[in-house]
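Take a look at the structure below. We will walk through it one stop at a time.

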Amino acid sequence: MLLSEPAVLVDSHCHLNLMDYAQLGCDMDEVVARAGRDGVQYMLCVSVDLTAGAQVIAAAERYGNVFASVGVHPNHVVEHEPTADSLSAGVASHPKIVAIGETGLDYYRNQVAVETQHTRFREHIAAAKRLRLPLIIHCRDAKQDVLRILTEERADEVGGVMHCFVEDWDTARAALDLNFVISFSGIVTFKSAQNLREVAKRIPDDGFLVETDSPYLAPVPFRGKVNQPAYTRQVALELAALRGVTFETIAEQSTANFFRVFHHARPLVSSMNSG
């Protein structure tokens, strides 16, 4: 068992390096401390480009309970396209890098040509398979192509997470079949997101994570404010209500799922059950 108490949470997707700390009226140290006070004992700080990747890694090196990923967002405009080689450089020797991504496809914004997004996505999958690391998948208005490319590239060999999931049950089931878990963000607290809330009710116990996607998509009752990892608690509370279980059950299941999927992440000794 990973936990010394069942209420330990993991924010499986945040961007500590992109937070508006002036608007929050505090610094990164305080944001991490606030999260801890609300039971969010671990965070995965996710990269959206290789240039700022150093900031993501620096955050992971600064805090023992923060992990990092390496990747380029599908709609992030870059001077040099990432390759499996550039994505893999130095990753194997860094113990705090536990995933490749975020990657995937985003047809909503289309700041990057679709063909380029496809190539970029395949390079990320190749890097993940080379390093034996899970993938963090961003999917917006592109579910068919995301599932197709994951299937064609045999991404099930490494699996990962469908981050900030907003699709229907059929898409969730297809992702689960490809060895990907579903991550619920603050969107699941929106009463208008009925399809997503139904997915949350049906997802198997070993098939979900919780996240904030900070600084974006703050959950109810903080909607419209700068999101932060501490608000993972609201996501977990909503899932507990939807699934008819206790908050502690959601915390225990989602945290166990996180450390299973991100198998290079190591819990702190103080968070491990000594028995």
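Which residues does A68 touch, not counting residues up to four places away in sequence? Keep in mind that this model is predicted. A68 touches L44, C45, V56, I57, A60, K96, I97, V98 and A99. Its place is in strand β3. A68 is buried, because its relative accessible area is 0% and the cut-off for buried is under 20%. The C-alpha atoms of A68 and V188 are separated by 24 Å, and the two residues are 120 residues apart along the chain.

Stay in strand β3, which covers residues 66-70, and find F67. F67 is buried as well, with a relative accessible area of 2%. Now turn to the aromatic rings. A pair of aromatic rings is described by the distance of the centres and the angle of the planes. A search of the whole structure finds 7 aromatic pairs. One of them joins F67 and F259. Their centres are 6.3 Å apart, and the angle between the planes is 85°. That angle is over 60 degrees, so the pair counts as edge-to-face. F259 sits in helix α10, residues 247-261. The pair therefore ties together parts that are 192 residues apart in sequence.

F259 is buried at 8% relative accessibility. F259 also forms an edge-to-face pair with F258. Here the centres are 5.2 Å apart and the planes make an angle of 90°. F258 is buried too, with a relative accessible area of 0%. Step back and see the group: Y42, F67, F258, F259 and F262 form one aromatic cluster.

The charged end of R140 sits over the ring of Y108, 3.6 Å from the ring centre. The charged end of R233 sits over the ring of F247, and there the distance to the centre is 4.5 Å.

Next, look at two helices. Helix α5 spans residues 114-131, and helix α6 spans residues 143-152. They pack with their axes 10 Å apart, at an angle of about 40°. That angle makes α5 oblique to α6. The crossing of the two is right-handed. Which residues make the contact? From α5 come H118, F121, R122 and I125. From α6 come D145, V146, R148, I149, L150 and E152.

Move on to helix α9, residues 232-243, where E238 lies. Is E238 buried or exposed? E238 is buried, with a relative accessible area of 15%. Leaving aside neighbours within four places in sequence, E238 is in contact with V188, T189, K191 and R197.

Last, follow the backbone. The peptide bond from G101 to E102 is cis, with omega near 20°. E102 is in strand β4, residues 97-106. A cis peptide bond also joins S214 and P215, with omega about 10°. P215 lies in the loop between β8 and α9.

That loop also holds L217. Phi of L217 is near 60°, a positive value in a residue other than glycine. L217 is partly exposed, with a relative accessible area of 33%. N179 has a positive phi too, of about 75°, and is not a glycine. N179 is in the loop between α7 and β7. At 44% relative accessibility, N179 counts as partly exposed.

Notes. Residues numbered from 1 in each chain as written. Predicted model: local features only at pLDDT ≥ 70, side-chain atom pairs only at ≥ 80, totals over all residues. Heavy atoms only, no water. Phe/Tyr/Trp six-rings, centres within 6.5 Å; stacked < 30°, edge-to-face > 60°. Helix = DSSP H or I, 4+ residues; strand = E, 2+ residues; numbered from the N terminus. Buried < 20%, exposed > 50% of the residue type's maximum accessible area, 1.4 Å probe, protein only. Lys NZ or Arg CZ within 6 Å of the ring centre and 35° of its normal. Axes fitted to C-alpha atoms, helices over the stretch in contact; angles between N-to-C directions. Parallel < 35°, antiparallel > 145°, perpendicular 65-115°, else oblique. Left-handed = near helix turned anticlockwise from the far one by under 90°. Contact = heavy atoms within 4.5 Å.
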